[in-house]
Amino acid sequence: MKIGFIGLGNVGGKLAGSLLRNGHEVVVRDLNDDLVLAFERLGAARANSPRDLAAKVDIIITCLPSPAASAAVAEGADGFLQVLRPGQVWLEMSTTDHTEVLRLGERVAARGGMMMDCPVSGGCHRADTGNIAIFAGGSRDAFETVFPILATMGRRILHTGPLGTASRLKVVTNYLCTVHLAALAEALTVCKVADMDMNTAYEAIRISSGNSFVHETESQVILNGSRDINFTMDLVIKDVGLFDQLAQDHNVPLEISPLVLNIFKDGQARYGPREHSPNIIRRLEEPCGVKVLGQGFPAEMVDDEPEEPGYEVVPKR
């Protein structure tokens, strides 16, 4: 099957790279022509528009920064819905609003196509090696059709249920990631101000009940000083905002989520929307007059696990 990939940014570019690395025929589209040229050098073909891409492929994959961006490539003047064929599949791998997924899914079904929302989780370093986790929402038939493609891009593949369920679960997991990051910013700053050895503090958290995936990744780039996890303040606000809206829609009286959302809105106001999200720790470093650093930590995360074929994760019943 020929695959079209729209969105070659921090995550999308790595997912598309896994497809090319594993021998798939890929057509790419991005507003950044330098990214498209780089993929052409790796053997991908170019599409001049989303519509042009859809006419050339069997499966369309999008990995874009916002629901509006996804809607634009699907429904815009050169959108791919205009030429979507019966049996064609759209994998929406963006972190997006599940209500938009359902709305667009109806338009795909009306043309005889199949849509799945397939957001990823695990960080850019795991997307780069094909070891990232993928949530997949949609019919079982669609899931089985695209599973070989998903298993090329990711390792742990979870069929979450009907269309839209994957997007809801993704904003839940991103919310938890953000809570952990905000808490780690406080914990690490307290360790620094209390004159603890930061390398020892890192290991104490890592081997304890206070550990998390976020600590094992984002704390390292915090302690390095790069704070580069390929994720930015504006994306945090988008994702936590989607989670917060989901809770409001179901009348859940949250307390932590609004607080965390306001923390990152303040961080964005201070440092800009494209500031690295781990630099939320600056809100604490600056009034305390410290820089929270350790020794020997990497400037960016690299996945040291070998690339392995993906497999389906089956929930316990």
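Predicted model: local features only at pLDDT ≥ 70, side-chain atom pairs only at ≥ 80, totals over all residues.

Mentor: Residues are numbered from 1 along each chain as its sequence is written, and side-chain values use heavy atoms, with hydrogens and water left out.

Trainee: Which helix gives the largest share of the lining of the second largest pocket?

Mentor: A pocket here is an open set of points on a 1 Å grid over the protein atoms alone, where a 1.4 Å probe fits, with protein on both sides within 12 Å along at least five of seven lines; lining residues have an atom within 4 Å of a point. Helices (H or I, at least four residues) and strands (E, at least two) are DSSP runs, numbered from the N terminus. Two helices, α6 (124-127) and α10 (213-224), each supply at least two lining residues. The largest share, 3 residues, comes from α10.

Trainee: How many residues of that lining are charged?

Mentor: The lining consists of His125, Arg126, Phe213, Glu216, Thr217, Met301, Val302, Asp303, Asp304 and Glu305. Ala, Val, Leu, Ile, Met, Phe, Trp, Tyr, Cys and Pro count as nonpolar, Asp, Glu, Lys and Arg as charged, and the others, Gly among them, as polar. That gives 3 nonpolar and 2 polar residues, and the number of charged ones is 5.

Trainee: What is the volume of the second largest pocket?

Mentor: Grid points are joined across faces, edges and corners, and the volume is the space filled by probe spheres set on the points. For the second largest pocket this comes to about 180 Å³.

Trainee: What span does α12 reach from its first C-alpha to its last?

Mentor: The expected span of a helix is 1.5 Å times one less than its number of residues. Helix α12 (residues 256-271) has 16 residues, with 22 Å expected. Its reach is close to that, at 22 Å.

Trainee: Which residues are exposed on the other side of α12 from its buried ones?

Mentor: Ser257, Val260, Leu261, Ile263, Phe264, Gly267 and Tyr271 are the buried residues of α12. They cover an arc of only 155 degrees around the axis (taken from the directions from the helix axis to the C-beta atoms), which puts them on the same side of α12. Cover for these residues includes α8, α11 (233-249) and α13 (282-288). On the other side, the exposed residues are Leu259 and Ala269.

Trainee: Where is Asn251, and is Asn251 buried or exposed?

Mentor: Most residues other than glycine have a negative phi. Asn251 has a positive phi, near 55 degrees. The residue sits in the loop between α11 and α12. With a relative accessible area of 70%, Asn251 is exposed.

Trainee: How does Asn230 count by relative accessibility?

Mentor: Asn230 is not a glycine either, yet its phi is positive, about 60 degrees. Its place is the loop between α10 and α11. At 25% relative accessibility, Asn230 counts as partly exposed.

Trainee: What distance separates the C-alpha atoms of Val292 and Val193?

Mentor: Val292 lies in the loop between α13 and β10 (311-313), and is buried at a relative accessible area of 0%. Not counting residues up to four places away in sequence, Val292 touches residues including Leu188, Ile222 and Ile281. Val193 is 99 residues away along the chain, and the C-alpha separation is 8.8 Å.

Trainee: In which strand is Ile132?

Mentor: Ile132 counts as buried, at 1% relative accessibility. Leaving aside neighbours within four places in sequence, its contacts include Leu15, Val120, Arg126 and Met153. Ile132 belongs to residues 132-137, strand β8.

Notes. Buried < 20%, exposed > 50% of the residue type's maximum accessible area, 1.4 Å probe, protein only. Contact = heavy atoms within 4.5 Å.
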